[in-house]
Amino acid sequence: MLSTAPIIAGISFPFCLMNAAGALSTSRDELLALAHSESGAIVTKSITLSSVLDPGARCGRENPGVRYYLDLLPEVRRAGKPIVASVAGFTVEDCIHIAQALATAGADLIEINCNDPHVHTHLAPFASPQRFSEIVSALRRALPVPLAVKLPSSLPLPLVDVAAVLLDAGVPAVIAHNTSADSGLTQAQAILQASGGRLEVIGVGGVSSGTEAVAVLRSGVKAIQIGSAVVREGVGVFARLKRELADSLELQG
Ligand SMILES: Cc1cc2nc3c(=O)[nH]c(=O)nc-3n(C[C@H](O)[C@H](O)[C@H](O)COP(=O)(O)O)c2cc1C
């Protein structure tokens, strides 16, 4: 049964659509706008240990650094919605340090960004199943809140191995792409299948209408992160998507 207000990793989300990391989610004003929008959560820009000042980069790691968010999260939290803090670290120690600080400041779920090319080069999460296991197990043990891993759209390890590592480490959720992986399935569907439905999957990418969202949710994905449509339309996009989703569900029955 499709729920538009899912529970993921034990956290109640008031709505199943939320912004994707980095989509109008870097500054205080942007995060507060998300907090007061119809988005089902507030997903931060990927946060690094120190500030990264590279305004020319697209989909990069430009953000003011972890300290900025430690002061901000308690304020954003007052809106009463789950906060998903995206973390981009170049070493396991950096990831743990950033994630622990953000969890203490009020993040409900930590999203580890394994999507970023710089993270790939330095952290090398997919060098082998052992390396991936080492990283997610260390993070899982060190954090007081649940962990979710954001996958890149293509990766060198089979998704069955990725799913097995996440399940073994006790990681409850994964952010996977709504684009094709193997055998006609999207990556999100493929990882859901590879985990026998035991991983909770948040789909990301390619959704900008209520009809598209319903199609993704019907495949078993619990929630969807929206990137480009948020950047294009602003946070008002969530009110539109909420209406379209309700209309689409009513029509389809
Ligand atoms: C302006 C912008 C900034 C982004 N920054 C990040 C980021 O900091 N961390 C991350 O994991 N993904 C980042 N992304 C990728 C999005 O989270 C998302 O995976 C991607 O846009 C696909 O979703 P879409 O098809 O709805 O745009 C960014 C995307 C955009 C458009």
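**Working through the model**

Modeller: Let us begin with E200, which lies in strand β9, the run of residues 200–204; please keep in mind throughout that this is a predicted model.

Biologist: OK, which side chain does the side chain of E200 make a polar contact with?

Modeller: The partner is the side chain of K222, at 3.0 Å. A polar atom of the E200 side chain also lies 2.7 Å from the backbone nitrogen of A9.

Biologist: And what else does E200 touch, leaving out residues up to four places away in sequence?

Modeller: Besides A9 and K222, the residues it touches are I7, I8, P172, A173 and V174.

Biologist: Switching to N178, where does that one sit?

Modeller: N178 is placed in the loop that runs between β8 (173–177) and α7 (187–194).

Biologist: Buried or exposed?

Modeller: N178 counts as buried, because its relative accessible area is 15% and the cut-off for buried is under 20%.

Biologist: Which backbone oxygen lies 2.9 Å from a polar atom of its side chain?

Modeller: That oxygen belongs to G205.

Biologist: Now C95, please. Which helix is it in, and what does it touch?

Modeller: C95 belongs to helix α3, residues 92–105, and, with residues up to four places away set aside, it touches V87, G89, I112, L123 and L139. Its relative accessible area is 1%, so C95 is classed as buried.

Biologist: How far is C95 from L49?

Modeller: Their C-alpha atoms are separated by 8.4 Å, although the two residues are 46 positions apart along the chain.

Biologist: What about S154, buried or exposed?

Modeller: S154 is exposed, with a relative accessible area of 57%, and its place is in the loop between β7 (147–150) and α6 (159–169). From S154 to R232 the C-alpha distance is 25 Å, for a sequence separation of 78 residues.

Biologist: And Q252, which helix holds it?

Modeller: Q252 is found in helix α10, which covers residues 237–252. With a relative accessibility of 43%, Q252 is counted as partly exposed, and, apart from neighbours within four places in sequence, it is in contact with V214 and R218. Between the C-alpha atoms of Q252 and T48 there are 43 Å, the two being 204 residues apart along the chain.

Biologist: Zooming out, how many helices and strands are there?

Modeller: The protein has 10 helices and 10 strands. Of its 253 residues, 53% are buried, and, among contacts with a separation of 6 or more, 67% are between residues 24 or more positions apart.

Biologist: What does the radius of gyration say about the overall form?

Modeller: The protein has a radius of gyration of 17 Å, which agrees with the value near 18 Å that a compact globule of 253 residues would have. Along the principal axes, the C-alpha atoms fill a box of roughly 50 × 40 × 35 Å.

Biologist: Last topic, the surface and the charges: how many positive and negative side chains are there?

Modeller: There are 19 positive and 22 negative side chains, with the centres of the two sets 3 Å apart.

Definitions and conventions:
Residues numbered from 1 in each chain as written. Predicted model: local features only at pLDDT ≥ 70, side-chain atom pairs only at ≥ 80, totals over all residues. Heavy atoms only, no water. Helix = DSSP H or I, 4+ residues; strand = E, 2+ residues; numbered from the N terminus. Rg over C-alpha atoms; globule rule 2.2 N^0.38 Å. Buried < 20%, exposed > 50% of the residue type's maximum accessible area, 1.4 Å probe, protein only. Contact = heavy atoms within 4.5 Å. Lys, Arg positive; Asp, Glu negative; His and termini not counted. Charge placed at Lys NZ, Arg CZ, Asp CG, Glu CD. Polar contact = N/O pair within 3.5 Å; in protein donor to acceptor, adjacent residues only side chain to side chain.
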